[in-house]
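Look at the model below.

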Amino acid sequence: MSLLRRRKPINESSDSKPLLEKEEEEQHQGHDEDDDDDGNGKNKKNPSKINKKRGEKPPSPPSPPPSKWSCLDTCCWFIGCICITWWLLLFLYNAMPASFPQYVTEAITGPLPDPPGVKLKKEGLEAKHPVVFVPGIVTGGLELWEGRECAEGLFRKRLWGGTFGEVYKRPLCWVEHMSLDNETGLDPCGIRVRPVSGLVAADYFAPGYFVWAVLIANLARIGYEEKNMYMAAYDWRLSFQNTEVRDQTLSRIKSNIELLVATNGGRKVVAIPHSMGVLYFLHFMKWVEAPAPMGGGGGPDWCSKHIKAVINIGGPFLGVPKAIAGLFSAEAKDIAVARALAPGFLDNDIFQFQTLQHVMRMSRTWDSTMSMVPRGGDTIWGGLDWSPEEGYSCSKKGEQKNNTQIMDQTGAENAVCKGRSANYGRIISFGKDVAEAPSSDIERIDFRGAIKGHSAANTTCRDVWTEYHDMGFTGIKAVAEYKTYTAESTVDLLHFIAPKMMARGTAHFSYGIADNLDDPKYKHYKYWSNPLETTLPNAPDMEIFSLYGVGLPTERAYVYKLSPHAECSIPFKIDTSADDEDTCLRDGVYSVDGDETVPVLSAGFMSAKGWRGKTRFNPSGIRTYVREYNHSPPANLLEGRGTLSGAHVDIMGNFALIEDVIRLAAGASGEELGGDQVHSNIFNWSEKIKLQLDDETPVHSSR
């Protein structure tokens, strides 16, 4: 029998301290006694013991050095502050009464005017003609119907428009699904992205950022609803004819317009295209009357029977130089400035997402972008030594001209011309000195016959690929040595730097001026969206309006430079160091009058001259009107984007424009509206363009 030693129970009454504390106390006492004994055997008082006796705390050990603040900490802190501020503002916005912003605004600025719909309803206006909205590029929503494995869970979710959440969550997957096939310009295998349908397709581009919503709401004030309003949504990435090939969009527009006319007492529709939608609807009017299978087979009088008026808003009839910059270097003024503020940021590999290279690769698969390359060549846009806007001063205020007569501005323009003037005809110049030099002093080496060499980018760069990598250093150098490009040579430039893209583009679009519109070749759909190579329909009772904003600096020409790291990045970039206030040059961009996107020349020339009266482009004499809206910024932040804006998209909330549109939809004519309303020099500039308007021998500009 084993003996068990039992532990003596602890007498809690005699000592309430735990055993572990007792042992630690004994150890400390032993150390204290050793410390108190000096070498002579005498006890020496320890300062720490004295402190204990006095009830003082021993000195604390030195604190560790503070951790170093990293760049990542700064970024996280900054993002956190933004998110907290955003959610706080969002909470306050949703918590406050709906009338509070208006109350604050009126307290600051005084009573606000009635919205156009309310004002015109008080005047007794009612819905009359059904309206058809035609959105422009990028403003229409696109949703996913079929995708790759990386897009799991996104069925019928918006890839374009809305919150753009997928851009941040899975950027490479988003780019893959937003891109089209580089050979066909249609869907890649296994991917189907389709336009959103209904008025919601383009009422808001993103939450809080309206496009058509304000106009729709004001039309509803006088009685409009979905039975007499139709949004002609389409996939704006495709070429115009391919929207019919893939989605039968043109056929759907034709059927819906016929239905609107039939169900609204036979009243013709009022078509309201915006931005690139202007070119798309121009293509539609030719397609609908052309015989099948290329056209819709509606007959030569279809437009006359179904369309009362076409109200073009911000229409790039003759293209925009901004499209050249986008295709050439995937940038425009805003991107170039961002590059200057944060050098290298957009060119670096951010989470394996080289931003601009991917944007270029994606956008170059969108055939629609080539519809906005400048049309008419040097005859319209000017040459090395002249341009229609010659003598324009960005500091000079435009004079109001509310009639079609050309005002005598010879003295004013001569005074400006005595100073230095920009060479707007040189759309691209390599270096500010080249942009300003006399053409006789510029030594140019033709790039068209240059042999494209091998590029190191084939092996050193990642999977980001643009056609620049097939050019090699020899081809890139040849582009820069040509020094400067006009509207005609920029088309050749695009053929040189992006042959695959332009092979598709030239199959669907054309950029010239027709010598003889009776030539059978102009029956091909590639000419239908170019107003200089096609005719308006035979509809003498129809009216065409060009409504657009003025008073804003608008991109017209660019100063470029070679990128120092051309082997892996886009080899050309806008030279943001180039500035000259005398010639409207800022951050490498020459500006003229316009709406920030479309220059006045492109938006107004056809209605001011090309289609004015009976011309070879307007054989039935359709009446045309120019209505300009001078930009006025909002008085304060509470006004948001303002009700007097002339900016390309913000003008859709301009009260004066909305009032004009509603009056026309309610039955008014152009003459009843007041005819032309002009603030710019559009009629003066149009007269400088020597364009053949009758069937006589063509006359071209020579300056």
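R444 lies over the face of Y482, 4.1 Å from the ring centre. A charge sits over a ring if NZ of Lys or CZ of Arg is within 6 Å of the ring centre and within 35 degrees of the ring normal.

This is a predicted model: local features need pLDDT of at least 70, side-chain atom pairs count only at pLDDT 80 or more, and totals for chains, interfaces and linings use all residues. Residues are numbered from 1 along each chain as its sequence is written, and side-chain values use heavy atoms, without hydrogens and water.

**Aromatic pairs**

The whole structure holds 30 aromatic pairs. Rings of Phe, Tyr and Trp (its six-membered ring) pair if their centres lie within 6.5 Å; planes under 30 degrees apart are stacked, over 60 edge-to-face, the rest tilted. Two of the pairs are shown here.

| Pair | Centre to centre | Angle between planes | Type |
|---|---|---|---|
| W145 and F155 | 5.5 Å | 85 degrees | edge-to-face |
| W236 and W366 | 5.2 Å | 90 degrees | edge-to-face |

W236 is buried at 1% relative accessibility, and W366 is buried at 6%. W145 is partly exposed at 33%. F155 is exposed at 51%. Buried means under 20% relative accessible area, exposed over 50%, and partly exposed in between (1.4 Å probe, protein chains only). W236 and W366 also belong to one aromatic cluster with W160, W174, F205 and Y209.

**Nonpolar cores**

The largest nonpolar core has 133 residues. Such a core is a set of buried Ala, Val, Leu, Ile, Met, Phe, Trp, Tyr and Cys residues joined through side-chain atoms within 4.5 Å. F284, F328, V479 and I497 have the most contacts inside it. A second, separate core of 40 residues includes V131, L215, L219 and Y625.
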